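Hi everyone, thanks for coming.

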Amino acid sequence: MKISFQHINKWFGKVHANNDINFTIPSGTIQGILGENGAGKSTLMKVLTGFYQADSGEIFLDDKAVTISSPEDAVMMGIGMLHQDPLDFPPMKVIDNFLLGTRGGLFPNRKQVEKDITRLSQEFDFQINPDSFVETLTVGERQQLEILRLLWLGVKVLILDEPTTGISANQKEKLFATLLKLASQGLTVIFVSHKLEEVEQLCSRVAVFRQGQLVGEVMPPYDTDQFVYMMFGKSVEVADKSTFRSEVPYIKLENISLEDYRLRLRDINLEINCGEVIGLAGMEGSGQRLFLRMLTGLMRPVGGSILYGGHNFTGRTYPVFQKAGVAYLPAARLEEGLIPGMTLTEHFILSEEHHELFVNQKSAIDLTEDRIREFYIKGTPASQIEQLSGGNQQRALLALLRNKLRLILMEHPTRGLDIESAIWIWSKMKERCKDCTSIVFTSSDLDEIIQYSDRILVFFGGLVSKPIDADTTTVDELGQLIGGKGW
Amino acid sequence: MSLEPRAGQTPSILKKSTWIDFGIRLTAVILALVFTSLILVIAKAQPLEAYKSILQGAFGTTIKFTSVIASWVPLVIATSGLLFTFTAGLWNIGMEGQIVMGAVFTVGAFRIFDETGLDPSLVIFLAFLAGAAGGIFWALLPGLMKIYGGVNEIFGGLGLNFVAKTAAIWLIFGPWKRPGVASGSGTEWIDIPFRLPYIPGTNLSLTILIIAIIVAVFTAIMLKGTHFGLRLKAIGKNDKAAYILGIPTTRYFLLAFGLCGLFAGIAGAILVTSKQYSLIPDAGFGYGFLGLLVAMLVNYHPIWSAVIAFFFAALSIGNTELQYMGLNSYFAGVLQGFLVLFVVLVDGVRKRLVTKL
Amino acid sequence: MDVATLTTLAGIVEYAVPVLFASIGENFTEKAGLINLSVNGTIILSAMSGFVVAMTVDSIFLGFLVGAVVGAIVAAIVAFSSITLKQSQVAIGFVLALLCRDLAYFLGAPYTNKPGLFLSKVPIPVLADIPFIGPVFFNHSLVVYASYLFIIIAYVFMFKTRSGLMLQGIGERPSAAFARGANVKALRYFYTILGGLLIGLAGPMYSLAVKIGWAGQLSGLDGIGWIALAITIFGGWNPLRVAFGAYLFGGLQQLGITLQSTTNIPIQILQAAPFPLMIFTLLLVNVGRAEWVDRELAAMPEKPRIVLSKILRALRTSPPASLGVPFENE
């Protein structure tokens, strides 16, 4: 199906998320959509799939003007989208996921659908059992399931939003092969990404977005420097790769074993030195979160011991760890890190230690104003935390960290942030490493992990690699390990 | 399940317009009056006459007026306790049972110290302590069950309400029954020296009035000015994040329950020493549930709770006058219920209008 | 088997019926992602209005109809406040629970202890003559037979039909359901009102069939609604397990009646008996979620740890993931 956008405009408040977008995607191609976070690519895709209505402009499908007023409309017209976090139902079975939302009589023909799933899986060389529960699948398998479902519904346009985040190298290869096959069968594939390499490898044409505008369309052969220039409007300054790792071990993990009802990690041994940064790589749900929570005392290991500066902390709780200088920055900022409904000032009062009964409003506001300046937070002391943008919330989280810390644990510290904020945040964190603070962090961005870590641990299905030196490894090597090769 | 009363995003422009706020509350009151009048018409009563007789019943004489204040006392104390749990994001629906337990322990203490010949004021003091202990004990149970058993405090509290009432009934009919035949009208009355004296010519004891004022002021200061209050608020809005920020949430949850239970116990002791003088099956008089309604209405503001509680107390006292019109005393509950219902609804409409602007 | 035992067993089957309708009604509401906390008040108000209407217009059918309508109206208020206005579901539900109860006691006062209509028993030919099974299951009023069908229909609808799948979808992950074409808000309204209608039916089931009559606050209905809510949790949001919970509760109530006639325990004490049990069952299904349990388990040696955590997980019930969370389609 041929898709044509004409003069699409979309505003969110004062933000012009799509600014007069005009371009055409011919049928049977793999169209890349490239751009930084916030460039407007997701907004355009949501307009195409009926999640948003454009403020002005028109969409043509095969040269016919259409109005897409809901996601259901989009599917009826043959447009399906695979969201970054697959929009499925984890506690339900694969077959029920397939059926949910389909039209037809009261009682669906389960036998037939079961056959269809098996047939489609075979066709694309996926292994999906109609009877297993979705929550037991990996993110990659859940994507495969969604793709099968959309094909089964008969979509002619398949949109994929950052599909390679959180899946293994194997699954990525398989995904790309599938997309090429689909395109050759005449399907239109729209591949939304901010990863240059993938777009170059896969797409037959690329549209580049920046700050709500379509800055250009590019055909192969591609020139990476040109892409970078188009995406950022300038060449990106490369973050510094300074290290403050000392030879003094501070934290010692001996034969640590972790368990939750899905995963078991066995016999982890590790020494974390003062000022060292350790990156945790792996597909989401491979045990990184358990590992981080163990280091904060939020989760108790089932075996082994944790030594902080020579003291045995095994079995201690989070407040004890916190007192010893451990801080934790969770990924879900508004759920676990900050308190919606409270102001910046109130957050700072809460985070500081105090000995008197009454709150000293004046000194709290002074402190808050200092931190707002120091951390470039766009907001006032009286701003409610949920009114800040994601980047500013992340800055606020950093500003809330106490002064003397020995270990900072971060989950996806720069997820959803623009590249400059990310570089700024890391420079701020590295400053702390100078004072002998160690950092352990997770990220699904391998470049970030290699860039900022001293050593890297790779997690795969309950296995944890030996520490890998970040200076000598490559994205490829890590990618293999994450995908389960080379263990 | 997320049952906590989380404050949603309240756009800041709202806070400035007190007049709009006032108008909105007024709309809710008018709507409530319209609906209750309708109910009165259905019950074949003259609405205006009914309201007039309620006013008469509440303010007609000094005795009646002081009865209103005497009824305001336990209500404002119960509401104060509930403000602590509300601020911590907890629905302490077990309040009623906690007041009952306060009364049970108070009466128990009087039975123990009755014959010891101790100074009556000392005995009263000890009985209040016992009542407080009873309230705290009964409030910590749902707290512990929530924290260590994962049982939502709404269900824990409700269950314990019924258990407390049953315990009172068992005592009344069993171990503490009146000499002669056990009766549902309660245990034997406590001795006269143990009863708090009324101000001459009124229905009100000065002691309980002073206690109520202390409790209300204490609550306002704790919640609005201290680190403790701020931390409770943080837990109420997001306990996970509060824990990560370094607030010992378990301890604060239990403190909130404990304070609430303390006030419930005091309310129970007040009801025994200044109103009923004995243990009766309905020893909480519904003050726990009424307190929940008041706390919901005042939306975490301790100062307002004193005002609203007074209004509710006046309704409950004035309402008894309706029996002369052939109506029963559930009318106050109907009017109070409609009031809270419309305040919740009208407030929701206001928020919706504002987000649309 | 002697007659007394058969009567007791038949009593359990009968007493479970209103609770069963209320709990499964709430099950529908909660599956869609809403909590209707007003059940206790709704049952009392619909019991009163059903009784009064049946008596004044001389129609049992209209009595049931009015009960259902009362339940639906109360649920509609809950839905409007929660879905459209996004107010706290607990607040609105709790206020309505109190308001409806007082309203029933206030408006119902003139009809207290008046003789009225009631559903008579209709033994089913042939089936009622089967030994044991006949007298226990097939010698009842029509509502009891309706309950058998209702359990099965509710279960099949929820887990086997297309609409049922969508119902699960809007409670689990409304954003995903929306992407698949669901009008999440409309469906939540629908299932909340449907649930309220079923809860409302429980009222006349008491006043016109199971606990015949209206006796104001002495009707013994206060508290049952809260039990019904607990049974929904105990039943893990599955109509079959919920029905099992309802029969358990029916058994307890029946036990109370038996004890009351054989001993001299005050009736109020027997009426409170289900509540500690309610707390206990909630403890049982929820304790596996508590943080300290995880910590204690982690400190155990491997074998008992695995066994214990398996037991805890088997007992545990998980609510629909978006229960109580408002939805906005972006």
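Let's begin with chain C. A compact globule of 330 residues would have a radius of gyration near 20 Å, and chain C agrees because its own value is 21 Å; the radius is taken over C-alpha atoms, and the globule rule is 2.2 Å times the number of residues to the power 0.38.

Some housekeeping first. This is a predicted model, where local features need pLDDT of at least 70 and side-chain atom pairs count only at pLDDT 80 or more, while totals for chains, interfaces and linings use all residues. Residues are numbered from 1 along each chain as its sequence is written, and chains are lettered from A and ligands numbered from 1 in the order in which they are written.

Back to chain C. Along its principal axes, the C-alpha trace of chain C spans about 55 × 50 × 40 Å. Chain C has 15 helices and two strands; helices (H or I, at least four residues) and strands (E, at least two) are DSSP runs, numbered from the N terminus. Of its 330 residues, 54% count as buried. Buried here requires 20 or more other C-beta atoms within 10 Å of the residue's own, with exposed at 12 or fewer and partly exposed in between, and the C-beta atoms are placed from the backbone.

What about contacts? Two residues are in contact if their C-beta atoms, placed from the backbone, lie within 7 Å. Among contacts in chain C with a separation of 6 or more, 78% are between residues 24 or more positions apart.

How is chain C divided? We have domain 1 at 3-267 and domain 2 at 273-316, with bounds from an automatic or database domain assignment. Their C-alpha centres lie 30 Å apart in chain C. Where they meet, seven residues of domain 1 of chain C are in contact with seven residues of domain 2 of chain C. On the domain 1 side, helix H10 (224-234) and helix H11 (239-262) of chain C each give two or more residues, and H10(C) gives the most, with four. That side divides into six nonpolar residues, one polar and no charged. For these classes, Ala, Val, Leu, Ile, Met, Phe, Trp, Tyr, Cys and Pro count as nonpolar, Asp, Glu, Lys and Arg as charged, and the others, Gly among them, as polar.

Now over to chain B. Chain B also comes as domain 1 (17-45 + 327-357) and domain 2 (62-325). Between the centres of these two domains of chain B, taken over C-alpha atoms, there are 27 Å. Their contact takes nine residues from domain 1 of chain B and 11 residues from domain 2 of chain B.

Which helix of chain B supplies the largest share of the side that touches chain C? Hold that thought: the contact itself involves 42 residues of chain B and 40 residues of chain C. Several helices of chain B supply at least two residues each, including helix H1 (18-42) and helix H5 (120-149). The largest share, 12 residues, comes from H13(B). By class, this side of chain B has 29 nonpolar, 11 polar and two charged residues.

Chain B touches chain A too, with 18 residues of chain B in contact with 21 residues of chain A. On the chain B side, helix H8 (227-237) and helix H9 (239-245) give two or more residues. That side has nine nonpolar, six polar and three charged residues.

Last stop, chain A. Here six strands form an open sheet with mixed pairing, in the order E6-E7-E8-E3-E9-E10; two strands pair if DSSP finds at least two bridges between them. Strand E6 (79-82) and strand E10 (213-218) of chain A are the edges, each pairing on one side only. From one strand to the next, the twist averages 20 degrees.

Inside that sheet, strand E3 (residues 30-34) and strand E8 (residues 188-193) of chain A pair in the parallel sense over five bridges. Leu34(A) stands opposite Ser193(A) in E8(A).

E16(A) runs parallel to strand E17 (residues 407-411) of chain A, joined by four bridges, and Tyr328(A) stands opposite Leu409(A) in E17(A).

Notes
Axes fitted to C-alpha atoms, helices over the stretch in contact; angles between N-to-C directions.
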